[in-house]
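I opened my notebook to get to know a structure that was new to me. Here is what I looked up, entry by entry.

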Amino acid sequence: MLAYIIRRLLILPLLLIAVTILIFLMISLLTPYERASLYVSDIPKRQGAMEGLIKKYGLDDPIPVQYWRWMVGRKDPSTGEIEGGILRGNLGWSKTGKGTVWEVIGRRLPATAELALWTSIPMIGIGLWFGVLSAVNHNKFIDQLLRVFSIVGWSIPVFVFGLIMLLVFYAKLGWFPPGRLSDWAMQIVQSVAFNRYTGMHTIDALLNMRLDIFWDALKHLALPVITLAYLDWAYLLRLTRSSMLDTLMQDYMTTARAKGLREAMVIRRHALPNALIPVVTVGALMLIGLLNGVVITETVFNFPGMGSFLAEAALSLDVISVLGITLFSCFILLAGNLLVDILYGFIDPRIRLQ
């Protein structure tokens, strides 16, 4: 196991370099004039100004030279200081976020993390429960009902389900508003008296003993959480059901029943641990996907997370922001895949990773 972990850690930087090459090739599809416009908010009207920007930033240099400069930074001829450089942790300036890309990530990531945290509870809990219930009652009425339930959830587009939720629970009933907080709660959160520990409003509200803000944050989280959880637990339900049915038909399950064990004990002690191995792996990858930002859901519910910012940057043609967020998301995905592979080796004793 240790050798496998070390090997994967050594491969991780190579994968990240491959990702940077692909991302830079995307930038190279733009002309030097289009890339020069990324450095200014308004196109200069003075003749020759754009040519000056192209020469200043070396946008007409060979692609390998530009890639190396993008990775390690470039030296300013006038000041002698090194500017930019992905390897130096500089992801560029975000015109949409009016700050560095890292500052935008710092502002938006807590919202996405909070959404992922609350979504994971019903997504995993209800998905596993319904999947086991469906498998145990194979071909019975409850099984057929849950299968229809999962097929609908897996088939319906996320924006359609989100708009239906908004129409019913906000426009008609007025229960769960979009956004992240009400105006009065946002004023308190942004005040000096409110200590911001994590940037996640529900957690910070509990730490500040403000149950009113906690309840308001939960009401704003309800609709995006339900939307994401339903679509994801529908998939987990189908996966858990399939895995449980395959496990229940194994010979060792027949042996366990022949020993006189109660059916509940057979399912809980023998079937469930083995059936959950692929489910845990897929569930972990789904959580990683949530952390990367859920573009459609955050946009529909006006939730200010990573996904909604990515949509704003794309609509504003803010290529620097899009590429910076994409690179950060790729790092989370690769690191998460590594952790999932290691976790898979621990939860399944039959696997011997070489």
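Predicted model: local features only at pLDDT ≥ 70, side-chain atom pairs only at ≥ 80, totals over all residues.

**Entry 1: the whole protein.** I began with burial, and found that buried residues make up 42% of the 354 residues in the protein. For my own reference, buried means under 20% relative accessible area, exposed means over 50%, and partly exposed lies in between, with a 1.4 Å probe and protein chains only. Residues are numbered from 1 along each chain as its sequence is written, and side-chain values use heavy atoms, with hydrogens and water left out.

I then looked up the elements: the protein has 15 helices and four strands. These are DSSP runs numbered from the N terminus, with helices being H or I of at least four residues and strands being E of at least two. Along the principal axes, the C-alpha atoms fill a box of roughly 85 × 55 × 40 Å. I also checked contacts, meaning heavy atoms within 4.5 Å. Among those between residues at least 6 apart in sequence, 65% join residues at least 24 apart.

**Entry 2: aromatic rings.** A pair of aromatic rings is described by the distance of the centres and the angle of the planes. I used these limits: rings of Phe, Tyr and Trp (its six-membered ring) pair if their centres lie within 6.5 Å, and planes under 30 degrees apart count as stacked, over 60 as edge-to-face and the rest as tilted. How many aromatic pairs does the structure hold? I found 14 of them.

I picked F149 and W233: their ring centres are 6.2 Å apart and their planes lie at 20 degrees, so I wrote this pair down as stacked. F149 belongs to helix α6 (residues 141-155) and W233 to helix α10 (residues 211-248), so the pair ties together parts that are 84 residues apart in sequence. F149 is partly exposed at 27% relative accessibility, whereas W233 is buried at 12%.

Next I turned to F169 and W175. Their ring centres are 6.1 Å apart with planes at 40 degrees, so this pair is tilted. F169 is partly exposed at 25% relative accessibility, and W175 is partly exposed at 49%.

I was pleased to find a cluster as well: ring pairs link W129, F130, F149, F161, Y230 and W233.

**Entry 3: R108.** I found R108 in helix α5 (residues 101-136). Is R108 buried or exposed? At 16% relative accessibility, R108 counts as buried.

I looked at its polar contacts, each a pair of N or O atoms within 3.5 Å; within protein, one must be able to donate a hydrogen and the other to accept it, and residues adjacent in sequence count only if both atoms are side-chain atoms. The R108 side chain reaches the backbone oxygen of G305 at 3.2 Å. A polar contact of 3.0 Å joins the side chains of R108 and S308. Leaving aside residues up to four places away in sequence, R108 touches P304, G305, M306, S308, F309 and E312.

**Entry 4: the loop between α9 and α10.** N208 lies in the loop between α9 (201-207) and α10. At 16% relative accessibility, N208 is buried. Not counting residues up to four places away in sequence, N208 touches A193, F194, N195 and Y197.

M209 lies in the loop between α9 and α10 too. At 70% relative accessibility, M209 counts as exposed. I noted that M209 has a positive phi of about 60 degrees although it is not a glycine.

**Entry 5: K98.** What is the phi of K98? I read a value near 55 degrees, which is positive in a residue other than glycine. K98 sits in the loop between β3 (93-94) and β4 (99-100), and at 68% relative accessibility K98 is exposed.
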